[in-house]
Every structure is written in structure tokens, then in C-alpha cells.
Amino acid sequence: MGNSSNDDSGTDAETSSDDTQPNNSITFSEGERVLAYHGPRIYEAKVQKAELRKKEWRYFVHYLGWNKNWDEWVGAERLMKHTPENITKQHALGKKHNAEKSSKSGRSSQTKPKSSADAKADKEENKNNVAKGKKRKGDSGVEKENISGEKLVKIQIPSPLKKQLVDDWEFVTQQDKLVELPRLPNVDDILKKYLEYRSKKDGMMTDSIGEILKGIRCYFDKALPMMLLYKKERQQYSDAVQENVSPSTIYGAEHLLRLFVKLPELFAYVNMEEETSNGLQQILVDFLKFLQKNQSSFFLAAYDGSKGSEGNGRAKDD
């Protein structure tokens, strides 16, 4: 996504309070799920506020699956109703944009290589983008854009698991509920179950799958406190994860699924051959299908009613 437009929020003085007919009538309500234009893409969003400003309605939207730093005020011309027809339009526009990016990438590969100074500047910019908490989803319209020439590992998240992510966000950020810890099965248990499943399916134990699962565990333990927690979960993490305790033994499928939203972004900084990347992608997609198949036993149907509080440290925002 492009730069956030939080500065557009204005002041109370800018909000119109007279009875003059606005230039556009209000068509979206607070709490409504919508589709929003942002740059060349259309994203799923939720209207948080609606205000009449200078005779025009303005809407404060949160892009679903994105850090709240991207929340912004937009006009009605940037929004569409969340209908099947408009979702089809969203997907068509996404495919067109991806095709154009692929075409440009092919042409740019024949251009003069960047100087070391330019490459370093790009690398620093990419680090800053990651620090802002951006995330990428497989097919939901949310994508990571600012790493030039990257070959992202594409992870298609099944629709039932996308809904699981939305429900997860609703439980924690809107209903002040938390996943009760420790979870059973935990992340380690789930990874072991998948390894057993693949062993029976393939008729043999493959070292490559075992290594990938170890990598997922490592990524999870490192990324959880930095990228995968909402503000209201910080204190719970501090209480539950003591020194020399791995988060993968405490947390379960709910937080593991959040990692898969982040993995394409994290893998963008790993130098992989195309064959390796394709093999990794196949295993990750198969693992998500395994999660979906066991969704009722791996994921909680409801979260604990205790309220979360803001602890210290960096974490994923509401």
C-alpha cells in the first residue's frame, strides 16, 4: 500500500455542524464492512467512523489484516459496498495489477544494474517498511509492494482460515477476549502431527519437510513478540512466556495462522533459488490445508472473556 493518510483526520473545528445539504449523501455506516481503493488496488476494510466535514461525508477506515497505522480518512468515492459484484471487480483489478507488475519486472531485468549505493538505500527502505508492521495476505487483496524485484513465496490461505483470522481479530480487538494459555494442542504439537501425517501420506519420512517445520517453529518463536501480537495480548505474553520457554510450547493454531500472513514478507529477504521457493510454497500450502482439515480440533470456537492490557515491547497493533 502507499503512504498512510492519517494526517487527514483534521480537527473538531473542521467538522461541519450546520444543516447545509452535503455534496454527497452518506452511504456507509459505522461498523460496515466495505471495499476501499488504495492506490491501484482494492482492499477489504471496515468503517470505524463517519463524519460530515465541509459539507462532505468522510469515513475513517481500517484495512482488514493491516496494522492500524494504515487507518485513514477517505471520501465516499474511495469506497464500495461489500457485494459479490464488487468482490469480483476487486479480484479482476488485482490480477490486472499483478500482470502489469510481472511485465515491468521482465523489462527491468534487462536494464542497467543498480549501483551499490542505490541497492543499500533500497534495503534500508525495505527494513523501514517492515518495521511499520505491514503484512501481506495470500488472496484477500492485501499485499506487500515496496521490495523491488522480489520473488515472494505466494501462500494461498483457504477461505475458512481467512474467516478464522477475521474472527480472531474480532475476538481480541473488538470483544476484549484472549486465547486462554497454555494452548493444547500447541504449535509444537501441530507441527509434529503434520510431520506424522506427511510420513503416512508419502510412505516415508522426508528430511526436507522436517527442516521446513523446524524453520517454521523458529520463525514463530522469533516473530510472535515482535509481529504477531495485538496490543491487548502483550501483558498475557509477558505473564505466560518466561525465560528459556519457547512460545511454540505455549501458543496454538490461532497465533500460528497469523504467522502465515507474515511469511511472504519474511521470506522476501531470504535468497532462495526458484526451485527451492516453489517446493517451499507447495509444503506451506499443504500445511494450511492440513490446518483447515483439522480446524475444529486445532482452533478455539470462542476465546476467554478476560480483558487484555497493553504491555511493553513492540507488537501488532489493533
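## Notebook: helix packing, salt bridges and rings

**Entry 1: α5 and α7.** I looked up this pair of helices and found that the axes of α5 and α7 come within 10 Å and cross at roughly 95°. I noted how axes are taken: they are lines fitted to C-alpha atoms, for helices over the stretch in contact, and angles run from 0 to 180 degrees between N-to-C directions. The two helices, α5 and α7, are therefore roughly perpendicular to each other. The cut-offs for that word are 65 to 115 degrees for roughly perpendicular, under 35 for roughly parallel, over 145 for roughly antiparallel, and oblique for the rest.

I then listed who makes the contact (heavy atoms within 4.5 Å). From α5 come I216, Y219, F220, A223, L224, M227 and L228, and from α7 come H255, L256, R258, L259, F260, K262, L263, E265, L266 and F267. I sorted the residues of the contact of α5 with α7 into 13 nonpolar, one polar and three charged. In this sorting Ala, Val, Leu, Ile, Met, Phe, Trp, Tyr, Cys and Pro count as nonpolar, Asp, Glu, Lys and Arg as charged, and the others, Gly among them, as polar.

**Entry 2: what I am working with.** This is a predicted model, in which local features need pLDDT of at least 70 and side-chain atom pairs count only at pLDDT 80 or more, while totals for chains, interfaces and linings use all residues. Residues are numbered from 1 along each chain as its sequence is written, and side-chain values use heavy atoms, with hydrogens and water left out.

I looked up the overall layout and found nine helices and five strands in the protein. Helices (H or I, at least four residues) and strands (E, at least two) are DSSP runs, numbered from the N terminus. From the N terminus on, the order is β-β-β-β-β-α-α-α-α-α-α-α-α-α. Of the 318 residues, 45% count as buried. Buried means under 20% relative accessible area, exposed over 50%, and partly exposed in between (1.4 Å probe, protein chains only). Among contacts in the protein with a separation of 6 or more, 73% are accounted for by residues 24 or more positions apart.

**Entry 3: L266.** Is L266 buried or exposed? L266 has a relative accessible area of 18%, so L266 is buried. Not counting residues up to four places away in sequence, L266 touches Y219, M227 and L259. I also checked L266 against A223: the two are 43 residues apart in sequence and 9.6 Å apart in space, C-alpha to C-alpha.

**Entry 4: α4 and α8.** In α4, I190, L191, K193, Y194, Y197, R198 and K201 meet I283, D286, F287, F290 and L291 in α8. The residues of this contact of α4 with α8 divide into eight nonpolar, no polar and four charged.

**Entry 5: rings.** I searched the whole structure for aromatic pairs and have 14. Rings of Phe, Tyr and Trp (its six-membered ring) pair if their centres lie within 6.5 Å; planes under 30 degrees apart count as stacked, over 60 as edge-to-face and the rest as tilted. For Y194 and F287, the ring centres are 5.0 Å apart and the planes stand at 75°, so the pair is edge-to-face. Y194 lies in helix α4 and F287 in helix α8, so the pair ties together parts that are 93 residues apart in sequence. Both Y194 and F287 are buried. One aromatic cluster is formed by Y194, Y197, F260, F287, F290 and F298.

**Entry 6: salt bridges.** Side chains of opposite charge can pair when their charged atoms come close. The test is a side-chain nitrogen of Lys or Arg within 4 Å of a carboxyl oxygen of Asp or Glu. My search of the whole structure finds 16 salt bridges.

One of them joins K81 and E32, with the closest N and O atoms 2.9 Å apart. K81 lies in strand β5 (residues 79-81) and E32 in the segment before β1 (33-38), so the pair ties together parts that are 49 residues apart in sequence. K81 is partly exposed at 35% relative accessibility, and E32 is buried at 18%.

I also noted R78 with E72, where the closest N and O atoms are 2.8 Å apart. R78 is partly exposed at 24%, whereas E72 is buried at 1%.

R217 and D188 meet in a salt bridge as well, at 2.7 Å from N to O. This pair links helix α5 (residues 207-228), which holds R217, to helix α4 (residues 187-202), which holds D188, across 29 residues.
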